[in-house]
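Dear colleague,

Please find below the sequence and structure that I am handing over to you. My notes on what was found follow directly after them.

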Amino acid sequence: MQIFDAHTHVDESESLGWFDPPEKIIGLMDEAGIAQAVIMGYHDCPGAPVDAIAYVAAAVERYPDRLVALARLNPRFGATAEDLLVEAITRYGMKGLKLHPVSCGMHPANPMTVRLIRRAAQFGAPTLFHCGDEDYTLPFEIAGAAEACPEASIILGHMGGYYHVDDAIAVARRYSNIYLETSAMPYPERIKEAVEAIGAERVLFGSDGPGCNPWLELQKVRQAGLTVEQETLVCGENLRQLLAAVRHTGEAANDH
Amino acid sequence: MIIDAHVYLGQSLFGYRQDAETLLRRMDQHGIDRAFLCPVKPIGYDLAASNTAVAAAVREHPDRFLGLARVDPWLGEAALAELRRAVETLGLRGLMLHPWEEVIAVNSPLVDPLVAYAAEHALPVLVAGGHPRVSHASQIGDLAGRFPQATMIVTHAAQLNISGRALFDSTLLFTGHGNLLLETSGVYRQDFLMSMVNRIGAHRLVFGSGSPLYDQSFELARARNLPLTSEQMALIMGGSLAQRVSGL
């Protein structure tokens with residue numbers, strides 16, 4: 001089983017106190033037996049204290065067999081954010097969009113957010129949302145984006161956090177373009193519940209490493225009591241298929 | 001010796017349940033020697049009945065369990081009377097405050113007499129931390145500052161927030177109040193726990209699972225996964241509590 005981690009970070013943030021160069025996540029992936037990981041920054045572009053897109057792109061360039069990236073962007077910047085997204089996908093080979101509605105201060109179903117998600121979907125690229133317990137990150141708020149963009153794959157990172165896992169499973173039942181990602185959510189048994197509710201094909205292992213330990217996060221999935229087939233899908237095959245569909249060239253690049 | 005600082009006993013109004021036999025089986029399976037039992041809020045809302053049930057479990061397994069008393073601060077003098085009964089008649093050994101399930105801010109004046117009683121009798125106070133509006137880290141800090149002589153165990157490091165926005169407040173709370181112990185269940189980010197070991201010392205962290213709301217096996221793995229010396233790990237697994245709580 002080639003394990004593929006759907007949610008990790010590579011960035012250096014003085015304001016958050018998180019200094020995570022790529023070597024940190026690579027070391028933890030080695031310890032946990034994780035083959036590949038999706039990386040993203042801690043800040044939203046444009047407006048990040050360092051050029052997080054370039055930082056993440058450089059990390060992928062250094063570890064091309066281990067890392068792929070999502071562009072973390074702020075939809076508030078409209079066309080500028082869209083241009084950054086197109087550049088990230090076509091020039092740097094990034095695989096999708098990361099949105100953190102709290103740090104952006106943007107509702108998931110705000111028309112500007114929806115426009116950016118649709119732009120990613122034109123490349124077949126998914127959008128990973130931070131999905132926890134705060135306003136703007138709740139599953140039923142993100143469901144508005146999933147409904148507005150049925151052509152986009154929407155990943156609920158943390159699958160509802162501490163208190164909104166029921167809601168995350170409910171919206172994933174309702175919208176077939178929603179995936180649930182397991183990172184940091186603290187309940188192993190709820191992964192099994194999600195698999196039984198929506199099928200193993202739409203559940204993705206993620207660690208939120210290096211801050212959350214990838215070995216521990218993987219342990220959580222292994223403790224969930226999935227079949228070998230289900231675990232294979234959740235721990236890598238689903239994500240591999242999802243990202244294989246991303247196009248990095250073509251008409252979508254010029255289509256405004 | 002491994003001590004789980006935070007488990008629940010009984011059938012909760014809020015749907016979760018754990019009986020003594022199930023808990024002991026889980027503890028044996030995971031090599032946990034002792035546990036602090038928190039009473040649940042039962043169907044019928046009678047916390048006194050839960051205190052009595054916890055005391056009965058402790059009497060049956062005195063080498064495995066230590067019981068905490070739970071009261072509803074909204075009941076005022078009756079809450080203090082029940083705390084007295086639970087400690088002085090039933091033999092319970094600390095106070096549990098669950099601001100979320102009791103729907104009261106942890107720094108409400110109604111809580112003060114209860115914490116004062118605990119401090120006066122050198123009883124630990126376990127606070128269900130990190131719940132928005134009632135046990136935010138800054139609210140726990142207000143209470144802890146008014147009762148610096150009370151030892152408080154704060155569950156979830158007072159930061160039930162998966163975006164990391166609560167980490168700063170949590171850090172302020174524990175660095176600012178030396179009477180607080182940080183309990184590890186459900187805590188977001190292993191690097192946060194390590195940063196707290198470095199800032200406040202392993203002697204102020206305690207393993208707790210929050211079982212059955214949280215998975216005891218996984219929560220034990222969370223604590224054990226920290227890259228610590230064997231001395232530091234021994235403190236987190238029970239040594240810290242033994243230093244602070246008499247009779248352990």
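By class, how many nonpolar, polar and charged residues does the lining of the second largest cavity have? The lining has 9 nonpolar residues, 1 polar residue and no charged residues, where Ala, Val, Leu, Ile, Met, Phe, Trp, Tyr, Cys and Pro count as nonpolar, Asp, Glu, Lys and Arg as charged, and the others, Gly among them, as polar.

Please note that this is a predicted model, in which local features need pLDDT of at least 70 and side-chain atom pairs count only at pLDDT 80 or more, while totals for chains, interfaces and linings use all residues. Residues are numbered from 1 along each chain as its sequence is written, chains are lettered from A and ligands numbered from 1 in the order in which they are written, and side-chain values use heavy atoms, with hydrogens and water left out.

Cavities and pocket

On a 1 Å grid over the protein atoms alone, a cavity is a set of points where a 1.4 Å probe fits but cannot get out, and a pocket is an open set with protein on both sides within 12 Å along at least five of seven lines; lining residues have an atom within 4 Å of a point. Grid points are joined across faces, edges and corners, and a volume is the space filled by probe spheres set on the points.

The whole structure contains 4 cavities of 30 Å³ or more. The largest cavity has a volume of about 110 Å³, and H9(A), R72(A), H100(A), S163(B) and Y188(B) lie nearest its centre among the 15 lining residues. The second largest cavity holds about 60 Å³, and its lining includes L97(A), T127(A) and I155(A). Strand 8 and helix 10 (228-244) of chain A are the elements that give two or more residues to that lining; helices (H or I, at least four residues) and strands (E, at least two) are DSSP runs, numbered from the N terminus.

The largest pocket has about 640 Å³ of space and is lined by 26 residues, with G17(A), W18(A), D191(B), F192(B) and S195(B) nearest its centre. Helix 8 of chain B gives the most to this lining, with 6 residues.

Individual residues

T127(A) belongs to strand 8 (residues 127-130) of chain A and is buried, with a relative accessible area of 0%. Buried means under 20% relative accessible area, exposed over 50%, and partly exposed in between (1.4 Å probe, protein chains only). Leaving out residues up to four places away in sequence, T127(A) touches L97(A) and I155(A), among others; contact means heavy atoms within 4.5 Å.

V165(A), in helix 7 (residues 165-174) of chain A, is buried at 1%. Its contacts beyond four places in sequence include M159(A) and Y187(A).

Cysteines

With a disulfide taken as a pair of cysteine sulfur atoms within 2.5 Å, the count over all chains is 0. For C212(A), the nearest cysteine sulfur is that of C131(A), 15 Å away.

Interface

Chain A contributes 28 residues to the contact and chain B 24 residues. The two chains bury about 2200 Å² between them, 59% of it on carbon and sulfur atoms; buried area is the accessible area (1.4 Å probe) that two parts lose on being put together, summed over both. W18(A), Y162(A) and L216(A) supply 30% of the area that chain A buries against chain B, more than any other three residues.

With kind regards
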